[in-house]
Amino acid sequence: MKAKESKNFLSSSFTDLMASLAVIFILLTVVFIKNSSERSKEGKKVVRSQLAGVLDKNNLPLVQDANDPLTMSVRVSESLLKFASGSAVLSDAGGQFMDQFFPALAAELCTEPMRSSID
């Protein structure tokens, strides 16, 4: 009879230990997710402030995606990137915009603080 009681005690102790480990694991996961989220928000602030100069110079707004708060996009006016009907040639204004804006944007995105903040 004592062997059976000892077996039940050992079983319940093991169950308590496993439940405690599961709770600790869940708490550590929550802390990790919260810290990752805060780092992502800080990275977004760095990106936004670094890109402000290039975007302001070209009168382009930086738009935040409503479905994903960590995603940002740049909206370019349709008039800048128009193609002639039935043609694959960009307008002169569009070509000039592409030649000026994208090298400046790429140069800014390749700076050291930006490389570690963007995906």
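The structure is a predicted model, in which local features need pLDDT of at least 70 and side-chain atom pairs count only at pLDDT 80 or more, while totals for chains, interfaces and linings use all residues. Residues are numbered from 1 along each chain as its sequence is written, and side-chain values use heavy atoms, with hydrogens and water left out. The confidence of the predictor in each residue is given by pLDDT, on a scale from 0 to 100. For this chain the average pLDDT is 81, and 89% of the residues reach at least 70. Among the elements, helix 2 has the highest mean pLDDT (87), and helix 3, residues 112–115, the lowest (77).

Helices (H or I, at least four residues) and strands (E, at least two) are taken as DSSP runs and numbered from the N terminus. By this count the chain contains three helices and two strands, arranged from the N terminus in the order α-β-β-α-α. Contacts are pairs with heavy atoms within 4.5 Å. Of the contacts in the chain with a separation of 6 or more, 46% join residues 24 or more positions apart.

Next comes the interior. A residue is called buried under 20% relative accessible area, exposed over 50%, and partly exposed in between, with a 1.4 Å probe and protein chains only. Of the 119 residues in the chain, 13% are buried. A nonpolar core is a set of buried Ala, Val, Leu, Ile, Met, Phe, Trp, Tyr and Cys residues joined through side-chain atoms within 4.5 Å. The largest such core is made up of ten residues, namely V47, L51, V54, L55, L60, L62, F97, F101, L105 and M114. Helix 1 (2–57) and helix 2 (92–109) each contribute at least two residues to this core, and the largest share, four residues, belongs to helix 1.

The loop between helix 1 and strand 1 holds two residues of interest, N58 and N59. N58 touches F97 and F101, again without residues up to four places away in sequence. The C-alpha atoms of N58 and F97 are 8.6 Å apart, although 39 residues separate the two along the chain. N59 has a phi near 55°, a positive value in a residue other than glycine. N59 counts as exposed, because its relative accessibility is 69%. Between N59 and S77, 18 residues apart in sequence, the C-alpha to C-alpha distance is 9.7 Å.

Other pairs also link separate parts of the sequence. Q64 belongs to strand 1 (residues 62–64) and is partly exposed, with a relative accessible area of 42%. Its C-alpha atom lies 8.8 Å from that of V74, ten residues away along the chain. V46, in helix 1, is partly exposed at a relative accessible area of 32%. Apart from neighbours within four places in sequence, V46 is in contact with P113, M114 and S117. The C-alpha atoms of V46 and S117 are separated by 7.5 Å, with the two residues 71 apart along the chain.

F14, L17, M18, L21, I24 and L28 make a nonpolar surface patch of about 610 Å². Patches are made of residues with over 30% relative accessible area and no salt bridge, with like charges joined within 9 Å and nonpolar side chains (Val, Leu, Ile, Met, Phe, Trp, Tyr) within 5 Å. L17, one of the patch residues, lies in helix 1 and is partly exposed, with a relative accessible area of 47%.

Finally, there is a charged pair. Side chains of opposite charge can pair when their charged atoms come close. A salt bridge is a side-chain nitrogen of Lys or Arg within 4 Å of a carboxyl oxygen of Asp or Glu, and the structure holds one. This salt bridge joins E38 to K34, with the closest N and O atoms 2.5 Å apart. Both E38 and K34 sit in helix 1, four residues apart, about one turn of the helix. E38 is partly exposed, with a relative accessible area of 40%.

Terms used
Accessible areas come from the Shrake-Rupley method with a 1.4 Å probe; for residues, only the protein chains shown count as cover.
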